[in-house]
Amino acid sequence: MLNPFPNLLRFKIDKATRYRDTAFESAGLDLKKEVQAVFGRNIAIREVDSGSDNAAEIELNNLSTPYYDIERFGISFVASPRHADIMVITGAVTRNMELAVRKTYEAMPSPKFVVAVGDDACTGGIFRDTYAVIGGADKVLPVDLKIPGNPPSPNEILQGLLNLMREIRKTQHY
């Protein structure tokens with residue numbers, strides 16, 4: 001049979017071709033064990049943008065892509081705070097978002113944990129002393145973990161979640 005596309009090259013992907021990050025894989029598997037030990041099930045994250053530049057959101061979104069696929073480690077993102085175990089805040093908390101941040105936190109069932117992702121959420125960033133910004137997430141809510149960076153990488157976010165699970169398990173705060 002003649003090839004209908006003679007100019008089209010055919011590529012073969014063999015087992016030697018790997019696109020995964022081995023450090024991320026290892027940390028992810030550790031995270032899955034810790035999540036199961038602490039919660040006995042998968043956990044859900046509700047992300048709240050309280051006034052960011054979207055840099056941290058892009059990295060959080062990357063965690064759901066096929067490359068990282070964080071759901072295989074027992075972590076999923078949810079649309080409702082009523083289904084969330086962890087609230088991830090990105091961006092400095094602006095005055096117009098303070099009420100929304102508080103209401104989201106109050107709508108979460110207990111036990112609930114708050115993670116500030118990115119320099120803005122951790123400290124208020126470069127706008128921390130301006131009229132429109134209250135500051136970092138800890139100015140509004142009790143923050144359990146801060147993951148600094150502008151923005152932090154998916155690996156740093158995963159490692160932060162792993163550290164949070166280990167700390168929860170150590171203190172039996174759940």
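This is a predicted model: local features need pLDDT of at least 70, side-chain atom pairs count only at pLDDT 80 or more; totals for chains, interfaces and linings use all residues.
Student: What makes arginine 72 and glutamate 25 a salt bridge?

Tutor: The closest N and O atoms of arginine 72 and glutamate 25 are 2.8 Å apart, and because a salt bridge asks for a side-chain nitrogen of Lys or Arg within 4 Å of a carboxyl oxygen of Asp or Glu, the pair meets the rule. Arginine 72 stands in the loop between helix H2 (55-62) and strand E2 (75-77), while glutamate 25 belongs to helix H1 (residues 22-39), so that this pair links distant parts of the chain, 47 residues apart. Glu25 and Arg72 also join Asp69 in a network of salt bridges, and the structure holds 8 salt bridges.

Student: Why is arginine 72 called partly exposed?

Tutor: Its relative accessibility is 24%, and because buried means under 20% and exposed means over 50%, arginine 72 counts as partly exposed.

Student: How do you know that arginine 169 and glutamate 34 tie together parts that are apart in sequence?

Tutor: Their closest N and O atoms are 3.3 Å apart, which is the salt bridge between them. Arginine 169 lies in helix H5 (residues 154-171) and glutamate 34 in helix H1, so the parts they tie together are 135 residues apart in sequence.

Student: Which of these two residues, arginine 169 or glutamate 34, is buried, and why?

Tutor: Glutamate 34 has a relative accessible area of 13% and is therefore buried, the limit being under 20%, whereas arginine 169, with 40% relative accessibility, counts as partly exposed.

Student: What is the relative accessible area of aspartate 85, and what is that of arginine 41?

Tutor: Aspartate 85 has 6% and is therefore buried, while arginine 41 has 39% and is therefore partly exposed. The side chains of aspartate 85 and arginine 41 meet in a salt bridge, at 2.8 Å from N to O.

Student: Why is the pair of tyrosine 67 and tyrosine 68 called edge-to-face?

Tutor: A pair of aromatic rings is described by the distance of the centres and the angle of the planes. The ring centres of tyrosine 67 and tyrosine 68 are 4.8 Å apart and their planes stand at 80 degrees; because centres must lie within 6.5 Å to pair, and planes over 60 degrees apart count as edge-to-face, the pair is edge-to-face. Ring pairs also link Tyr67 and Tyr68 with Phe24 and Phe73 into a cluster.

Student: How does the lining of the largest cavity divide?

Tutor: The largest cavity, with a volume of about 80 Å³, has 15 lining residues, and Asp53, Ala56, Gly118, Asp120 and Asn150 are the closest to its centre. Its lining divides into 5 nonpolar, 6 polar and 4 charged residues.

How values were computed: Residues are numbered from 1 along each chain as its sequence is written. Side-chain values use heavy atoms; hydrogens and water are left out. Helices (H or I, at least four residues) and strands (E, at least two) are DSSP runs, numbered from the N terminus. Buried means under 20% relative accessible area, exposed over 50%, partly exposed in between (1.4 Å probe, protein chains only). Rings of Phe, Tyr and Trp (its six-membered ring) pair if their centres lie within 6.5 Å; planes under 30 degrees apart count as stacked, over 60 as edge-to-face and the rest as tilted. On a 1 Å grid over the protein atoms alone, a cavity is a set of points where a 1.4 Å probe fits but cannot get out, and a pocket is an open set with protein on both sides within 12 Å along at least five of seven lines; lining residues have an atom within 4 Å of a point. Grid points are joined across faces, edges and corners, and a volume is the space filled by probe spheres set on the points. Ala, Val, Leu, Ile, Met, Phe, Trp, Tyr, Cys and Pro count as nonpolar, Asp, Glu, Lys and Arg as charged, and the others, Gly among them, as polar.
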